[in-house]
Amino acid sequence: MKVALVGQPNSGKSTLFNAVAGYRSLTSNFAGTTVEYTHGQARVGGEVLELIDLPGLYSLTPTSPVEEVSRDYLLAGDWDVIVNVLDASQLARSLELTLELLDLESPLVVCLNMMDEAARKGMTIDTHALQTALGVPVVEAIAARGRGIIETFRTAQDIASGGSRPHAFVYAPEAESILARLAEKIAEGALECGGSTPPWNKAQQERSIKPPLWSDAQQERGVELLPRNKAQEESGVEPPHSKALRALPCTVLDCSSNCCGHGPAVEGQQGPRVTTAVAELPVLPPAVSPPAALHEGQFQSPITNHQSQLAVFPPPRFRALQWVQSDPRQVRREEPEMAPMVEWAQAGIAVRTGQPADAAISSARHAACLTLFERVAHVARPRADWREQVDRLAMHPVWGYAVLMGVFLGFFRLIFDVGKLGEDRILNLFDALVAALAQHMNAQGALFAAAKGAVLGTAGAVAIVLPYLLPFLVGLAILEDIGYLSRVGYLMDAAMHRLGLHGTATLPILVGYGCSVPAVMATRILSTRRDRFIAAFLAVLVPCSARMTVIFALVGFYLGANYALGIYALNILVVAVAGHLLALIWPEISPGMLMEVPAYRVPAPRVVALKTWWRLREFVLVAFPLLVVGSVVLSLVDFYGWQHGINAALSPLTALLGLPRSVGLTLIFGVLRKELSLLMLMQALGTTHVLGVMTAAQILIFTLFVTFYLPCMATLASMMRELGWRLTLAASAALLALAIVVSLAARGLMLLL
Amino acid sequence: MNLYEAGDHAELRILLITGGWEVRRSFNQMGIQPGDRVRVLRRAPFGGPLEIDNQGTHVAVGKQLAEKIRVEVLP
């Protein structure tokens with residue numbers, strides 16, 4: 001049995017998932033995307049459940065690629081039951097997704113998570129009343145403390161095997177008849193397999209309908225929350241709101257029937273806006289010329305085959321809702337055949353409600369949620385909350401930035417202290433291994449060279465991963481789960497705007513100071529391809545810890561710490577200019593920051609551990625093979641003495657920058673691993689006393705070039721994954737050009753001085 | 001008056017969300033709709049975002065978006 005876990009971000013969905021599925025779970029990408037979901041198995045009551053933890057989504061009308069993929073997964077219907085996880089302390093808002101899920105008219109269980117949090121906010125929730133109103137089972141839970149988890153999955157099992165299917169909510173009665181017409185057309189199209197099948201419906205499924213288990217409870221619902229089918233069945237076809245419908249002004253839909261007579265009287269009450277809307281209504285396309293659909297007795301139930309054993313999934317009414325709420329421009333562009341129909345429906349709803357169709361539907365749903373909330377929840381005075389005090393400091397216009405600096409300085413300090421401890425030991429270990437190999441193999445052979453390369457490549461990979469990346473990822477997961485990263489986004493939004501980005505892009509760039517690989521991975525949280533590209537480019541431009549080693553070991557050591565800090569200052573300037581330029585080349589379309597600021601939470605160790613493990617595994621899979629293979633190749637280059645050829649090939653570049661010819665190869669090594677350029681420099685020059693061979697100016701230029709030129713191989717691999725090869729190639733070319741420009745400028749400046 | 005111009009800590013009611021489909025959709029996702037009662041909790045410096053409280057949900061709203069929300073001050 002497949003259980004899909006669906007919930008808004010920060011609803012504790014993953015905590016629920018991890019509590020039962022845990023370390024045996026896997027992360028996978030949705031086909032053809034970088035969007036990940038987690039899946040795993042859990043044994044509940046003797047049955048193995050397959051759990052799918054979808055990325056958080058606020059609604060089924062997505063605004064980000066992540067949400068889009070989750071929505072598409074749901075609509076493909078490859079699951080038996082949905083568990084909708086709600087943050088009980090945000091009940092009113094969370095219910096909006098629940099109502100949309102009800103529109104799927106498929107087995108659904110609501111898990112009311114974080115009941116403790118709700119209690120802290122002074123909320124008491126009548127779960128029974130909520131269950132009655134929604135018509136689906138509602139289970140209380142505190143997933144972080146392991147409460148209600150098994151009950152949730154047991155209920156899901158019961159619901160899925162009982163075949164109970166909830167009814168959709170009628171939240172926008174004015175729109176219902178138009179939706180019914182649209183749904184009917186869609187259903188016809190779907191059965192004929194016409195060209196107007198929406199993209200998500202490719203994996204259309206047929207599902208059998210069984211009588212709902214929960215229908216007895218539905219009589220208790222109020223009028224505005226009446227399930228459509230029930231209402232129609234009881235009142236003998238005509239739903240209670242259809243009278244109101246007919247009293248509304250004429251629409252194109254109505255005009256072909258004989259109800260036009262009473263239009264003007266009502267229009268007067270509706271104000272001039274409605275009248276203009278009527279005037280602007282498009283001509284109804286002939287293909288969908290409606291019959292007297294709104295006539296008494298002919299009102300069509302959106303689920304036309306409710307009594308039959310088979311139904312199309314997703315239900316036609318749901319699809320009609322999706323179409324009506326979609327962006328008309330996008331419909332016209334992507335589904336031109338569907339466009340006239342959709343525009344007709346949108347115009348009709350706009351006329352009846354006096355607002356755009358999508359706004360009409362969403363505000364009606366919002367209102368239904370608030371009504372529902374007021375009915376089932378009571379809010380007393382919240383208990384005094386220390387977290388509000390924390391935000392007074394952490395989000396303060398002055399002290400907030402001090403806290404931010406402190407947190408990140410402390411964070412990086414910790415990583416380097418921990419990392420340094422581990423790195424030396426690990427490298428020593430591998431050096432000993434190479435020495436041992438040398439004793440057992442022909443130390444002059446090509447095989448030994450290759451083996452040595454493989455061992456050193458592994459050493460490099462392990463020496464980055466274990467000591468630096470591990471504490472970094474743990475720290476990042478903790479900061480993320482506490483909820484601090486949203487505060488960082490809030491504080492940094494204004495500054496990031498100058499780089500053509502939003503506050504949410506702060507994280508990848510800050511992470512870039514540690515390591516470019518997780519920084520590039522972190523761009524995934526951004527909603528547009530443009531933002532992801534700019535953020536990744538700038539994050540890669542920022543000197544990572546490996547480049548920091550080069551900067552401090554060369555410039556810091558030979559020229560003094562002030563020069564080293566000067567490189568950092570110059571880098572910030574270059575990042576700012578590059579961000580500005582990129583924003584000019586690729587202008588912004590996203591409207592600005594709109595981000596939930598979640599309440600602070602104590603991170604669950606299990607979730608932190610799992611997050612770290614998944615990210616670490618991803619890095620290992622991407623970077624390890626590249627590092628090992630690259631290292632073997634370079635060993636062989638060294639063995640066969642090809643470095644002269646490479647140095648000759650790179651001589652135009654080294655000559656241009658005024659560097660010794662022998663540093664050419666080190667730049668190639670630098671692509672493999674940035675700090676290798678330091679080691680190889682010393683090897684290439686045949687001395688550890690660099691100042692004896694290179695001038696101070698040459699050291700500075702070399703370091704500048706290494707700081708800005710191509711990112712390392714592991715970073716390039718993650719960029720390929722996140723951005724695709726075209727943008728990676730474009731970014732690499734731009735970085736190389738930038739490095740040359742900066743180094744040349746430095747050279748020219750020094751010649752002048 | 002738009003949301004960005006509204007004073008901190010005052011009880012406000014959202015009258016209208018201007019702007020196109022994307023703007024409405026983004027606000028809808030955060031559970032922000034005309035008719036809602038909101039309060040500005042604080043604002044980031046240098047034209048940064050506002051933090052607003054909407055029925056216990058805290059949302060950071062950038063300046064450009066905040067200017068698209070028309071509000072009235074509740075007595």
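**Exercise 1. Determine which residues of helix α1 of chain B are buried, and what covers them.**

Solution. In helix α1 (residues 21–29) of chain B, the buried residues are R24(B), R25(B), S26(B), F27(B), N28(B) and Q29(B). A residue counts as buried if 20 or more other C-beta atoms lie within 10 Å of its own, as exposed if 12 or fewer do, and as partly exposed in between, with C-beta atoms placed from the backbone. Helices (H or I, at least four residues) and strands (E, at least two) are DSSP runs numbered from the N terminus. The cover over the buried residues of α1(B) includes α16 and β12 of chain A, together with β1 (11–17) of chain B. Just after α1(B), G31(B) adopts a positive phi of about 75°.

The model is predicted: local features need pLDDT of at least 70 and side-chain atom pairs count only at pLDDT 80 or more, whereas totals for chains, interfaces and linings use all residues. Residues are numbered from 1 along each chain as its sequence is written, while chains are lettered from A and ligands numbered from 1 in the order in which they are written.

**Exercise 2. Describe the contact between chain A and chain B.**

Solution. Begin with the residue counts: chain A contributes 31 residues and chain B contributes 32 residues. Two residues are in contact if their C-beta atoms, placed from the backbone, lie within 7 Å. Next, the elements: on the side of chain A that touches chain B, at least two residues each come from α3, α16 (357–376), α20 (484–497) and β12 (594–596) of chain A. By class, this side of chain A has 13 nonpolar, 11 polar and 7 charged residues. Here Ala, Val, Leu, Ile, Met, Phe, Trp, Tyr, Cys and Pro count as nonpolar, Asp, Glu, Lys and Arg as charged, and the others, Gly among them, as polar. Finally, the strands: β12(A) pairs with β4(B) in the antiparallel sense over 3 bridges, and L594(A) has V61(B) in β4(B) as its bridge partner. Two strands pair if DSSP finds at least two bridges between them.

**Exercise 3. Trace the pairing of strand β3 of chain B with β2(B) and β4(B).**

Solution. Strand β3 (residues 50–54) of chain B is mostly covered, with 4 of its 5 residues buried. With strand β2 (residues 37–43) of chain B, β3(B) pairs in the antiparallel sense over 5 bridges; V40(B) lies opposite I52(B) in β3(B). The hairpin of β2(B) and β3(B) has 6 residues between the strands, and F46(B) in the turn has a positive phi of about 60°. With strand β4 (residues 57–61) of chain B, β3(B) again pairs in the antiparallel sense over 5 bridges, and D53(B) stands opposite H58(B) in β4(B). This second hairpin has 2 residues between its strands, and Q55(B) takes a positive phi near 50°.

**Exercise 4. Explain why M492(A) is classed as buried, and identify what it touches.**

Solution. M492(A) is found in helix α20 of chain A. M492(A) is buried because 26 other C-beta atoms lie within 10 Å. Leaving aside residues up to four places away in sequence, M492(A) touches G503(A) and T506(A). The C-alpha atoms of M492(A) and T504(A), 12 residues apart along the chain, are separated by 8.1 Å.
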